Amino acid sequence: MANDFKRFCKPDVGTSNTTLYTVPAGSGSAALESIVIGITMANKSTSGITASIFIDNEDGSNDVYIVKDANIPAGASLEVIS
């Protein structure tokens, strides 16, 4: 089976939760599987920010933070998964 690589970017996220990617439904409405191979957060502002990355399991169980309340200085980036 061939791999299907996708790249998703979300500029100007702001201060509210933002969905970047949703695993698509497969046959019979069961979710397909996806593998994340990289996550980078960048701060394009002129002051430091605090950011988090959260995986929402949508059924309310097994939700998890990948990074919580990380400080990112002005003009810097944080490579969360490489």
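Modeller: Helices (H or I, at least four residues) and strands (E, at least two) are taken here as DSSP runs, numbered from the N terminus. Please keep in mind that this is a predicted model.

Colleague: How many helices and strands does the protein chain have?

Modeller: The protein chain has zero helices and four strands. Along the sequence the pattern reads β-β-β-β.

Colleague: Is the chain a compact globule or more spread out?

Modeller: It is more spread out than a compact globule, because its radius of gyration is 15 Å, well over the 12 Å that the globule rule gives for 82 residues. The C-alpha atoms fill a box of roughly 45 × 30 × 20 Å along the principal axes.

Colleague: What share of the residues is buried?

Modeller: Buried residues make up 10% of the 82. The chain exposes about 7,000 Å², and carbon and sulfur atoms supply 51% of that area.

Colleague: And what about contacts between residues 24 or more positions apart?

Modeller: Those account for 40% of the contacts with a separation of 6 or more.

Colleague: Let us turn to the strands. Which way do the side chains of β1 point?

Modeller: They alternate along residues 39-42.

Colleague: Which strand is joined to β1 by four bridges, and is the pair parallel or antiparallel?

Modeller: The partner is β4, residues 77-81, and the two strands run antiparallel. Within β4, Ile81 is the bridge partner of Ile39.

Colleague: Which residues form the largest nonpolar core?

Modeller: There are seven: Ile39, Met41, Ala51, Ile53, Val67, Ala70 and Ile72. The elements that give two or more residues to this core are β1, β2 (49-55) and β3 (64-72). The most come from β3, which gives three residues.

Colleague: What does Met41 touch, leaving out residues up to four places away in sequence?

Modeller: Met41 touches Ala51, Ser52, Ile53, Val67, Ile72, Ala76, Ser77, Leu78 and Val80.

Colleague: Now for Asn43. Where is its place in the chain?

Modeller: Asn43 is in the loop between β1 and β2.

Colleague: Is Asn43 buried or exposed?

Modeller: Asn43 counts as buried, because its relative accessibility is 4% and the cut-off for buried is under 20%. A polar atom of the Asn43 side chain lies 3.0 Å from the backbone oxygen of Ile72. Apart from residues up to four places away in sequence, Asn43 touches Gly48, Ile49, Ile72, Pro73, Ala74, Gly75 and Ala76.

Colleague: Changing topic, which strand holds Phe54?

Modeller: Phe54 lies in β2. At 39% relative accessibility, Phe54 counts as partly exposed. Residues up to four places away in sequence aside, Phe54 touches Asp63, Val64 and Tyr65.

Colleague: What separates the C-alpha atoms of Phe54 and Val67?

Modeller: The separation is 7.2 Å, for residues 13 apart along the chain.

Colleague: One last residue. Where is Tyr21 found?

Modeller: Tyr21 is in the segment before β1 and is partly exposed, with a relative accessible area of 34%.

Colleague: Which residues is Tyr21 in contact with, leaving aside its neighbours within four places in sequence?

Modeller: Tyr21 is in contact with Phe8 and Ser34. The C-alpha atoms of Tyr21 and Phe8 are 7.3 Å apart, and the two residues are 13 apart in sequence. With Ser34, the side chain of Tyr21 makes a polar contact to the Ser34 side chain at 2.8 Å.

Conventions:
Residues numbered from 1 in each chain as written. Predicted model: local features only at pLDDT ≥ 70, side-chain atom pairs only at ≥ 80, totals over all residues. Heavy atoms only, no water. Buried < 20%, exposed > 50% of the residue type's maximum accessible area, 1.4 Å probe, protein only. Pairing = 2+ DSSP bridges. Core = buried A, V, L, I, M, F, W, Y, C linked by side-chain atoms within 4.5 Å. Contact = heavy atoms within 4.5 Å. Rg over C-alpha atoms; globule rule 2.2 N^0.38 Å. Areas by Shrake-Rupley, 256 points an atom, 1.4 Å probe, with all protein chains shown as cover. Polar contact = N/O pair within 3.5 Å; in protein donor to acceptor, adjacent residues only side chain to side chain.
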